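Hi,

Here is the structure I said I would pass on.

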Amino acid sequence: MNNIPSLSTSIGHINLDTCTYNASGVNCITEENLRELALASTGLVISKSCTLEYRDGNPLPRYYEDKDGMYTINSSGLPNLNYLEYGKISSKISCYKPFFVSVAGLKPDNNMIMLRYLSDVGNISGIELNLSCPNIVGKPQIGYDFESMEEILRRATEIMGPHQREGIVNRKAFGLKLPPYFDISHFNNAAEVINEFKIDFLTCINSIGNGLIIDPVEERVVIKPKNGFGGIGGKVIKATALANVNQFYRLTNCDIIGCGGVQTGIDVFEHILCGAKAVQVGSQLKMEGVLCFSRLNQELKQIMESKGYTKLEDFRGKLKVIED
Ligand code: DHB
C-alpha cells in the first residue's frame with residue numbers, strides 16, 4: 001500500500017508537483033540562479049521582480065540577517081535583468097517546471113508594457129504583479145493605496161485575459177504580491193477591490209516594509225539604503241503572514257500563496273491550514289540555499305503522515321476556531 005503523502009497542488013490552472021518554491025526576490029535574478037531553483041525540489045520557479053530597464057539596485061550593504069534567522073532586513077532596490085531578459089530565459093526554465101515572472105514597474109504604464117509583452121510569451125506559466133515593493137525611494141507601496149490599486153487592476157486584467165495566437169488560446173495564471181495588512185478594515189478594502197477582477201492568486205505577504213534594525217554596539221543601522229530602513233522578513237513575520245493568508249482565504253475566491261516566516265515543515269503546514277495552496281520561502285532560502293526545499297517537503301510529509309493526511313486538501317483551510 002502506498003501511503004506516502006502527496007504535496008501536489010495547483011495555482012489557477014497550473015499544476016505543481018510540490019507546494020513549496022522560492023519567494024520572488026531571493027536568489028532569482030540570473031539565469032544561473034533560476035536554473036539552480038528549477039533543479040531543486042521546488043514546485044515552480046519565480047523570477048526576481050522585473051522592471052523595463054536593467055537595474056543594479058541600491059548600494060551595499062543592503063541585506064542583513066541575525067544569527068538564528070529570527071529576522072532579516074533587505075533593501076535591494078529591484079536589481080534585475082529587465083523584463084525582456086526574463087522573457088528569453090523562460091524557455092531555459094520551463095523545460096523543468098512552471099516558470100512565473102514577477103513584475104514591478106516603477107510606474108503603472110511600465111507595468112502595462114511589461115504585462116502586454118510577457119502575457120504573450122509561451123514559456124511563462126504565470127505572472128505575479130508586485131504591488132508591494134517597499135524599497136524604492138519616493139515610490140509608495142501601491143497595495144496601500146486602494147484607488148491606485150483598483151485602476152492598475154482594471155488595466156492589468158484587461159491585458160491578462162485569454163490571448164489567441166496561431167489558433168492556440170494562451171492564458172497565464174495572474175496574481176498579486178500583496179503587502180501585509182494589519183487592520184480588519186484594510187483587509188476588507190483590499191478584498192473588495194480584488195473581488196472586482198479576475199485574479200487567480202494572491203501572494204501574502206511581502207516583507208513588512210520600512211522596518212529598522214540597528215546594531216547597539218556600533219550604535220548604527222545595519223544596511224545603507226534609506227538610512228537603514230528596509231523590508232523585514234524571517235521568523236518574526238510569521239504571525240502577520242498567517243493572518244493575511246487566512247483573511248484573504250476567507251474574503252476572496254483567489255488561490256492564496258503563503259509567504260513569511262517559513263523555516264520548518266510545521267511553518268508550511270500552518271500556512272496551508274490557514275488556506276494556502278502553496279508556500280514560498282524567502283529568508284530561509286537566503287540562509288540555507290536551495291536544499292531547504294527538499295527538507296521542508298520532507299518535514300511536511302512527516303507531519304502529514306503522523307496525522308493520517310494523504311493530500312493537502314485533507315487539511316487546507318481547515319483551521320479551527322474556539323467555539324463557545
Ligand atoms: C525589492 C523588495 C521587495 O520587497 C519587493 O517586493 C521588490 C523589490 C527590492 O528591494 O529589490
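Below is what turned up, going from the core to the pockets and then to some backbone details. Please keep in mind that this is a predicted model.

**The core**

The largest nonpolar core has 79 residues, and the members that touch the most others are Met149, Leu176, Leu202 and Phe248. Helix α4 (residues 146–160) gives this core its largest share, seven residues. Another core, of eleven residues, lies apart from it, and Ile11, Leu16, Leu44 and Ala173 are among its members. As a general point, nonpolar side chains in soluble globular proteins tend to be buried together.

Neighbours within four places in sequence aside, leucine 176 is in contact with Glu128, Leu129, Leu131, Leu153, Ile194, Ile199, Phe201, Leu202 and Thr203. One of those partners, Leu202, is also on the list of residues that touch the most other core members.

You'll find leucine 34 in helix α1 (residues 31–39). Is leucine 34 buried or exposed? Its relative accessibility is 0%, so leucine 34 counts as buried, the cut-off being under 20%. Not counting residues up to four places away in sequence, leucine 34 touches Cys28, Ile29, Val45, Ile46, Ser47, Tyr86, Ile89, Ile93 and Phe99. Serine 90 is 56 residues from leucine 34 along the chain, yet their C-alpha atoms are separated by 9.5 Å.

**Helix α6**

How far apart are the end C-alpha atoms of helix α6 (residues 238–251)? They are 20 Å apart, which agrees with the 20 Å that its 14 residues should span at 1.5 Å a residue. The buried residues of α6 are Lys238, Thr240, Ala241, Leu242, Asn244, Val245, Asn246 and Phe248. Phe248 is also one of the residues that touch the most other members of the largest core.

The largest pocket has a volume of about 720 Å³. Its lining is made up of 44 residues, with Ser24, Gly25, Val26, Lys48 and Asn74 nearest the centre. Two or more lining residues come from each of β6 (72–74), β16 (229–233), β18 (276–281) and α8 (283–288), and α8 gives the largest share, four residues. By class, the lining of the largest pocket has 16 nonpolar, 23 polar and five charged residues.

The second largest pocket holds about 300 Å³ of space. It is lined by 20 residues, and Gly105, Leu106, Lys139, Pro140 and Ile142 are the closest to its centre. Both α3 (108–118) and α4 supply at least two residues of that lining. Here the classes are ten nonpolar, seven polar and three charged.

**Backbone details**

Which residues does a cis peptide bond join? Another cis peptide bond joins cysteine 204 and isoleucine 205, with omega about 20°; isoleucine 205 is in the loop between β12 (201–204) and β13 (208–212).

Then there is phi. Asparagine 27, in the loop between β3 (20–22) and α1, has a positive phi near 45° without being a glycine. Asparagine 27 counts as partly exposed, at 34% relative accessibility. Asparagine 210 lies in strand β13, and its phi is positive as well, near 55°. With a relative accessible area of 35%, asparagine 210 is partly exposed.

Cheers

Note on methods: Residues are numbered from 1 along each chain as its sequence is written. This is a predicted model: local features need pLDDT of at least 70, side-chain atom pairs count only at pLDDT 80 or more; totals for chains, interfaces and linings use all residues. Side-chain values use heavy atoms; hydrogens and water are left out. A nonpolar core is a set of buried Ala, Val, Leu, Ile, Met, Phe, Trp, Tyr and Cys residues joined through side-chain atoms within 4.5 Å. Buried means under 20% relative accessible area, exposed over 50%, partly exposed in between (1.4 Å probe, protein chains only). Contact means heavy atoms within 4.5 Å. On a 1 Å grid over the protein atoms alone, a cavity is a set of points where a 1.4 Å probe fits but cannot get out, and a pocket is an open set with protein on both sides within 12 Å along at least five of seven lines; lining residues have an atom within 4 Å of a point. Grid points are joined across faces, edges and corners, and a volume is the space filled by probe spheres set on the points. Ala, Val, Leu, Ile, Met, Phe, Trp, Tyr, Cys and Pro count as nonpolar, Asp, Glu, Lys and Arg as charged, and the others, Gly among them, as polar. The expected span of a helix is 1.5 Å times one less than its number of residues.
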